[in-house]
Amino acid sequence: MKDMENKDNNFEPRIVAFVCNWCTYAGADLAGTSRIKYAPNVRIVRFPCTGRIDFMLLLKAFGSGADGIIVSGCHPNDCHYTSGNFHARRRWIVFRNLLDFLGIDVNRITFSWVSAAEGAKWADIVNETVDKIRKLGPYTEYRRAKDYTEEAKQYE
Amino acid sequence: MSNLEETARSLFKEEKVNLIIGFEEGSRHPRPFFCTSTDDIPKLILDKRCHNNTAVYLTKKDLLGTGLVGIVATLRVLKSALQLSLENQINEGQFIFIAGEDASDVQVLKDKASIQSYVDAHPEIPDSKVEERLHHIESMSREDRWAFWKNELSKCIRCYACRAACPLCYCERCVAEVNCPQWIDPWAAPLSNMEWQVNRAMHMAGRCTGCGACYEACPLDLPINLLTKELSSEISEDFGKGISGNVLSSFNPADKENFFK
């Protein structure tokens with residue numbers, strides 16, 4: 001996939017945010033209704049709970065052109081389903097270790113807890129992530145591994 | 001304490017086992033052997049060269065028949081059997097374990113407690129080669145680690161020997177075969193190979209007993225056992241040494257992390 005560019009031909013980060021319906025999605029909604037301005041680079045994908053976010057979805061996002069990922073849900077003890085975020089936290093601790101061991105850039109994934117009342121925190125997290133990814137540049141390193149034939153066509 | 005041949009004979013005679021899974025001399029290495037009658041007992045061997053983790057057969061119902069089954073068990077077999085029992089994949093009384101490291105000195109273990117005490121009494125010596133490789137990879141920069149794994153895993157031919165050799169990969173329908181959605185591309189390409197190994201490692205998280213059967217089975221000698229080994233050591237660091245079972249299906253509100261904002 002072609003990297004995103006702005007009108008000055010500079011790199012624009014493409015961020016995918018996997019968020020839970022009950023806290024972070026509502027938080028992002030609050031950021032909107034409060035007219036808080038934040039970077040437009042993020043595409044929000046809504047899930048019933050952080051516990052539903054499969055680790056493969058993150059790899060699929062990177063593979064299909066995301067330069068950065070945000071994973072966000074309810075604060076611990078605030079889960080709508082009591083324990084979904086605790087399960088998710090374990091999964092991300094293990095998964096992050098594995099990605100780091102494989103040499104996948106874990107700095108491109110932002111994990112956060114954003115409650116329905118934290119619209120401003122959501123805006124900050126998006127802005128920080130976009131700034132960080134802007135510095136890191138497009139994640140072509142990962143996409144290059146996707147397919148031998150694509151690699152030959154696109155990069156040689 | 002008795003030798004393997006006598007023990008096997010008595011199991012056939014007194015315990016009425018129908019089958020003993022053990023090892024026989026192969027053309028180059030010992031290989032797994034299904035001993036179904038007393039005539040075959042002299043073929044059974046057990047020594048340091050018996051590497052295969054024959055616990056992989058414990059969950060293959062079509063191979064075992066309906067009767068009681070004996071299994072010649074090295075330490076790695078016993079460890080895998082304990083994990084399988086923890087996951088309710090095998091039951092007490094279904095198998096008789098002939099535990100030992102050498103054919104001259106074996107003992108019969110029938111219940112979980114005796115297997116556990118045998119395993120506790122025989123601590124495993126950490127494989128220095130594996131530890132060394134692990135430290136070597138950990139000390140690389142992230143870019144080098146990526147280059148290393150991309151290079152290694154791009155050789156993978158997706159034969160799934162790692163899955164077949166692992167006693168704990170017993171799912172009847174594997175995520176690698178799920179095509180709705182197609183989580184993992186079925187062809188061999190660097191990224192889909194990596195995705196397969198990420199899945200394998202994640203599904204092994206906290207369950208892997210570190211026998212290295214996946215590495216030994218790999219026709220391309222890819223160091224894929226390091227992935228599960230690394231996760232095991234991280235998990236015991238993060239969630240405590242005594243943890244057993246599937247760490248990902250349980251949680252502790254006191255779990256610590258340092259990367260959530």
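Modeller: A definition comes first: two strands pair if DSSP finds at least two bridges between them. Helices (H or I, at least four residues) and strands (E, at least two) are DSSP runs, numbered from the N terminus. This is a predicted model, in which local features need pLDDT of at least 70, side-chain atom pairs count only at pLDDT 80 or more, and totals for chains, interfaces and linings use all residues. Residues are numbered from 1 along each chain as its sequence is written, while chains are lettered from A and ligands numbered from 1 in the order in which they are written.

Biologist: Which strands of chain A pair with β3(A), and in what sense?

Modeller: Strand β1 of chain A, residues 15-20, pairs with β3(A) in the parallel sense over five bridges. Strand β4 of chain A, residues 109-113, also pairs with β3(A) in the parallel sense over five bridges.

Biologist: Which residue of β3(A) does A17(A) stand opposite?

Modeller: A17(A) stands opposite I70(A). For V71(A), the bridge partner in β4(A) is F111(A).

Biologist: Is β3(A) buried or exposed?

Modeller: β3(A) is mostly covered, with six of its six residues buried. A residue is buried if 20 or more other C-beta atoms lie within 10 Å of its own, exposed if 12 or fewer, and partly exposed in between, with C-beta atoms placed from the backbone. On one side of β3(A) the buried residues are G68(A), I70(A) and S72(A), and on the other I69(A), V71(A) and G73(A). In a regular strand the side chains alternate between the two faces of the sheet.

Biologist: Turning to chain B, what is the order of the strands in its open sheet?

Modeller: The open sheet of five strands in chain B has the order β2-β1-β3-β4-β5, with mixed pairing. In chain B, β2 (31-35) and β5 (105-109) stand at the edges with a single partner strand each, so one side of each has no neighbour in the sheet.

Biologist: How does β4 of chain B join β5(B)?

Modeller: Strand β4 of chain B, residues 95-102, runs antiparallel to β5(B), and five bridges join them. Within this pair, I98(B) stands opposite V108(B).

Biologist: How is chain B divided into domains?

Modeller: Chain B has domain 1 (4-121) and domain 2 (128-248); domain bounds come from an automatic or database domain assignment. The centres of these two domains of chain B, taken over C-alpha atoms, are separated by 27 Å. Domain 1 of chain B gives 13 residues to the contact and domain 2 of chain B gives twelve. Two residues are in contact if their C-beta atoms, placed from the backbone, lie within 7 Å.

Biologist: And how many residues of chain B are in contact with chain A?

Modeller: There are 32 residues of chain B in contact with 32 residues of chain A. On the chain B side, the elements that give two or more residues are α6 (142-153), α8 (190-204) and α10 (225-239). That side has 21 nonpolar, no polar and eleven charged residues. Here Ala, Val, Leu, Ile, Met, Phe, Trp, Tyr, Cys and Pro count as nonpolar, Asp, Glu, Lys and Arg as charged, and the others, Gly among them, as polar.

Biologist: Which residues have the most contacts inside the largest nonpolar core?

Modeller: They are L98(A), I71(B), V72(B) and F97(B), in a core of 110 residues. A nonpolar core is a set of buried Ala, Val, Leu, Ile, Met, Phe, Trp, Tyr and Cys residues joined through C-beta atoms within 7 Å. Helix α3 of chain A, residues 84-102, provides the largest share of this core, nine residues. Not counting residues up to four places away in sequence, F97(B) touches I71(B), A73(B), L78(B), A81(B), L109(B) and I115(B).

Biologist: Where is N77(A), and why does it count as exposed?

Modeller: N77(A) is in the loop between β3 (68-73) and α3 of chain A. N77(A) counts as exposed because it has 10 C-beta neighbours inside 10 Å. Its phi is positive, about 75°, although N77(A) is not a glycine.

Biologist: What about the peptide bond from C180(B) to P181(B): cis or trans?

Modeller: That bond from C180(B) to P181(B) is cis, with omega near 10°. P181(B) is found in the loop between α7 (161-165) and α8 of chain B.
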